[in-house]
Amino acid sequence: MRDRLKAQIEQALRRCYDQGRLHSGEMPEIVLEVPAHAEHGDFATNVAMLLARAEKKAPRKIAEELLAALGEGDGLWRQVEIAGPGFINFFLTNRCWYAVLDDIMRSGADFGRSRCGAAKRVQVEFVSANPTGPLHIGHGRGAATGDAVAALLQYTGYQVDREYYINDAGNQMNTLGLSLYLRYRELLGESIEFPATCYQGDYIRDLAREVVNQEGRRLLELGEEEALAYFARFGGERILAGIDEDLQAFGVRFDRWYSEQSLYDRGEVERGIELVRERQLAYEEQGALWFRTTAFGDDKDRVLVRSNGATTYFASDVAYHKEKFDRGYELVIDVWGADHHGYVPRMKAAVTGLGRSPEDLQVILVQLVNLLRGGQQVAMSTRSGEFVTLREVIDEVGRDACRFFFLMRRSDSQLDFDLELAKQQNNDNPVYYVQYAHARVCSINRTAAEQGLEVPALGEVDFDRLLLADELALAKHLAQFPETLVAAAQNFAPHRVVFYLQELAAQFHSYYNRNRVISEDLETSRARLYLVNCVRIVLENALRLLGVSAPEKM
């Protein structure tokens, strides 16, 4: 709708220039806003005000010329008016709004899909939790966010790959190996003073018991270095497999699992450092090798290789991001916990230093989740073992509620996750409220079928039967769906889809509670059945993008 209106305004502007009504020849970007008050129309533009300086005319005079050139608009509007200093307000025809219902029926599961991404190659890297413990609820919010952003980008025309970066090359793996080794020895009868720096969770003891069952006392005979390497590898593999199982249960899939260790094994870290040297951005100081990231906006330079010869996490991150762009991605999106916000400037500086635009790397920060149980906030710390796993929450409230709740707020704002609310089977539960709207339309369809009434086919509905303000409001909201998806994708903001869904569900429930869809009036029933099934299609499309099911019965 917005695009059709923009096209009409652009054509009118060209006619003004062709006919000599206006002279500058400028074609500013046409911005159409939805006015805050319905009495100001369906859309308003400030294009006349944007042209005032170039035309050296008062905006209202320019607006008058545009109005004369707009003509009838092929039935798109019923009224156009000039308001205030030069705004042009458009009042669209009801038939124009109801035409979107045919678009929805024609497109079905593809309604809202677009090509605005122009097949741009995008990589979304998310979760990437260390393989040292099960996923906790904070990881779950990052998983839901990354997965929904990837789905939105795909639906709006981007080529998207989902990737999980496995941090399997740092000190945390040594700590994991030591934690398991000590528990293993403890289970075999040794008295162990378990260090506070080791991983404390029960899962460590469970994994150690698994080793005891498989290997018995045999591993006690290994040298400590060999034993620690064994336990680190064993624990990492088992934990990563568990992470994969939990993510599958959460409906999250990845196109690639990428090992940090593989960067070292294939020489990518060395090549990354070499590229920094070639670009004259590396220097040595106090025995360490530094990346001059301050040249690109970072607040201080960063160490790539320590004075003892060990490479830093930053060095492998530089290599990893270089390798991402080497694979042909035009845009790289990282989903990080908000505690990593200080890392953003240095990675953008690094990417810029490697020859890319800083805009080629976008970082989505995900804030903490305050999980409430019995009024008490549950502490989450992998090292202390005091955390609630993602799997526990999925098992308790279900995947749909879990994903919907995680996406209800901007990812960079804190979220209170109320377990009791998420389990309720009533309208207080936001995911129930939205899903019930879908199930309610399905129920209407079953009732209609029992009475021999089918959902009308395309072109078989008399829209003049839709006379109620509620019906027009529903059609207008449905028409906003495609642009809502584009805005949500381009701003990496799936919560906008949640907001849209909640409003659509509210409008539908209100309409249903005040009106009968199926009545003795056959033609009105057919038109209303058509309308509510358009609501059903849009609900289903939106829920699918969020990874939430659209049940037919509840």
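View 1. The end C-alpha atoms of residues 3-92 lie 13 Å apart. In an unreviewed entry, UniProt places the feature "domain: Arginyl tRNA synthetase N-terminal" here, at residues 3-92. UniProt positions follow the numbering used here, feature names are shortened, and annotations may be inferred rather than shown by experiment. The model is predicted: local features need pLDDT of at least 70, side-chain atom pairs count only at pLDDT 80 or more, and totals for chains, interfaces and linings use all residues. Residues are numbered from 1 along each chain as its sequence is written, and side-chain values use heavy atoms, with hydrogens and water left out.

View 2. Helix H9 covers residues 224-249. Its 26 residues should span 38 Å at 1.5 Å a residue, and the end C-alpha atoms are 37 Å apart, which agrees. The expected span is 1.5 Å times one less than the number of residues. Among the buried residues of H9 are Ala227, Tyr230, Phe231, Phe234, Ile239 and Leu247. Buried means under 20% relative accessible area, exposed over 50%, partly exposed in between (1.4 Å probe, protein chains only). The cover over these buried residues includes helix H6 (137-155), strand E6 (159-166) and helix H14 (390-397); contact means heavy atoms within 4.5 Å. Just after H9, Gly251 takes a positive phi of about 80°.

**View 3. Aromatic pairs.** The structure holds 25 aromatic pairs. Rings of Phe, Tyr and Trp (its six-membered ring) pair if their centres lie within 6.5 Å; planes under 30 degrees apart count as stacked, over 60 as edge-to-face and the rest as tilted. Tyr98 and Phe463 are stacked, because their ring centres are 5.8 Å apart and their planes at 25°. Tyr98 lies in helix H5 (residues 94-107) and Phe463 in the loop between helix H17 (430-450) and helix H18 (469-479), so the pair ties together parts that are 365 residues apart in sequence. Both residues are buried. The rings of Phe126 and Phe254 have centres 4.6 Å apart and planes at 40°, so this pair is tilted. Phe126 and Phe254 are buried too. Ring pairs also link Tyr181, Tyr184, Tyr230, Phe231 and Phe234 into a cluster.

**View 4. Arginines over rings.** Arg183 lies over the face of Phe194, 3.5 Å from the ring centre. The charged end of Arg403 sits over the ring of Phe250, 5.4 Å from its centre. A charge sits over a ring if NZ of Lys or CZ of Arg is within 6 Å of the ring centre and within 35 degrees of the ring normal.

**View 5. Two loop residues with positive phi.** Most residues other than glycine have a negative phi. Gln286 has a positive phi of about 50°. Gln286 is in the loop between strand E8 (282-285) and strand E9 (288-291). At 73% relative accessibility, Gln286 counts as exposed. Phe492 also has a positive phi of about 50°. Its loop runs between helix H19 (481-490) and helix H20 (495-514). Phe492 counts as buried, at 17% relative accessibility.

**View 6. Residues 434-554.** The end C-alpha atoms of this span lie 11 Å apart. The span is 69% helix and 0% strand. UniProt lists "domain: DALR anticodon binding" for residues 434-554, in an unreviewed entry.

How values were computed: Helix = DSSP H or I, 4+ residues; strand = E, 2+ residues; numbered from the N terminus.
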